[in-house]
Amino acid sequence: MGTDVFNKVEKINSELFTLTYGALVTQLIKDYEDIEQVNIKLEQMGYNIGIRLIEEFLAKSNIGRCADFMETAEVIAKVGFKMFLGVTATVIDQDPDKREFHLILDDNPLIDFVELPEQYKHKLYYSNILCGVIRGALEMVQMKVKCTFMKCTLSDETSSDIKVVLEEVLSDMIPVGYD
Amino acid sequence: MKKVVCVAIIGKGNNPLFIQEFATGLTDENKLKLHYIVHCSLDIIEDKPGNTKKLSSELYLGLLYPTEDYKVYGYITNSKIKFFVVVLDTSDIKDSDFKIFFKRLQNLYINTTSNPFYKPNTKIESTKFLQEVINLAPSL
């Protein structure tokens, strides 16, 4: 499923992509100096990407409404990530209430070549843009989620772990993006 | 017996970017000597006729500088980044093997410079790069 969609979308050189993102993050660090601000900014950028990206995702993947939040998780991990990043994620730690899951990224094209300097480890979430993308995209399909980086391979941790918590399902009646 | 004694990368303005010794039990004096040898090799590259003018597609420079204990082989990229390998005088290594080694070394260097947190033309302090070079060295 994910592979089919992946074959359909346009591709760019992965090094161009990785280096562009790297330049973006380092520029943000230079501009803001405060790492916490950089994390927030990356998330906001991701959000703005996500609310647009969902349209393309829905158009190309032909995926209908998910039955529950866990199906959403699988779709993000197997189709969403595959379509835009060319990799798949693993869903773990689903809680019984079906309101929370963790995405494990084994392979993340954003962090190719990157080695975090010591002073940024455990502070900077380099790929925080992904959190924003997930939040933005899900908000457009009436799911308000909280998305946080729990672990990052760049900070010497074993895997990249994104936690997604469903906060509320927005009613269909509210105009999209109107809080 | 380890053959590779030292690997060095020298930048465009002849500033050292990376020097790593491999032989165990080197004294400070010996290390200094290695640095000295690398510097001498730099002069030899500068003196090579035609090197400054034409951009040769052949990046491998071959044997640059034989001393009593060591031999120095060099490689220069079109952007004037120089790679050196100092090997023991007794080792007998084919040119084709050197070419492969330098090509790999250059690839490691490229990956390191692609790190957005690395400032180009400054000393390489990446531990990942160091580890990869250490892994690469015995392949020669």
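This is a predicted model: local features need pLDDT of at least 70, side-chain atom pairs count only at pLDDT 80 or more; totals for chains, interfaces and linings use all residues.
Start with empty space. Rolling a probe the size of a water molecule over the atoms shows where such space is left. In this model, the largest pocket holds about 1300 Å³. Its lining counts 48 residues. Closest to the centre are A:Leu53, A:Gly80, A:Phe81, A:Phe84 and A:Val133. Several elements of chain A give two or more residues to this lining. They are helix H2 (14-32), helix H3 (35-61), helix H4 (69-85), helix H5 (129-140) and strand S4 (160-169). H4(A) supplies the largest share, with 9 residues. By class, the lining has 33 nonpolar residues, 8 polar ones and 7 charged ones.

Now turn to the second largest pocket. Its volume is about 450 Å³. Here 23 residues form the lining. Nearest the centre lie A:Glu115, A:Leu116 and A:Pro117 from chain A, together with B:Asn115 and B:Ser126 from chain B. The lining of this second pocket splits into 9 nonpolar, 6 polar and 8 charged residues.

Helix H3 of chain A contains A:Ser61. Which residues does A:Ser61 contact, leaving aside neighbours within four places in sequence? They are A:Met1, A:Val5 and A:Val79.

Notes: Residues are numbered from 1 along each chain as its sequence is written. Chains are lettered from A and ligands numbered from 1 in the order in which they are written. Side-chain values use heavy atoms; hydrogens and water are left out. On a 1 Å grid over the protein atoms alone, a cavity is a set of points where a 1.4 Å probe fits but cannot get out, and a pocket is an open set with protein on both sides within 12 Å along at least five of seven lines; lining residues have an atom within 4 Å of a point. Grid points are joined across faces, edges and corners, and a volume is the space filled by probe spheres set on the points. Helices (H or I, at least four residues) and strands (E, at least two) are DSSP runs, numbered from the N terminus. Ala, Val, Leu, Ile, Met, Phe, Trp, Tyr, Cys and Pro count as nonpolar, Asp, Glu, Lys and Arg as charged, and the others, Gly among them, as polar. Contact means heavy atoms within 4.5 Å.
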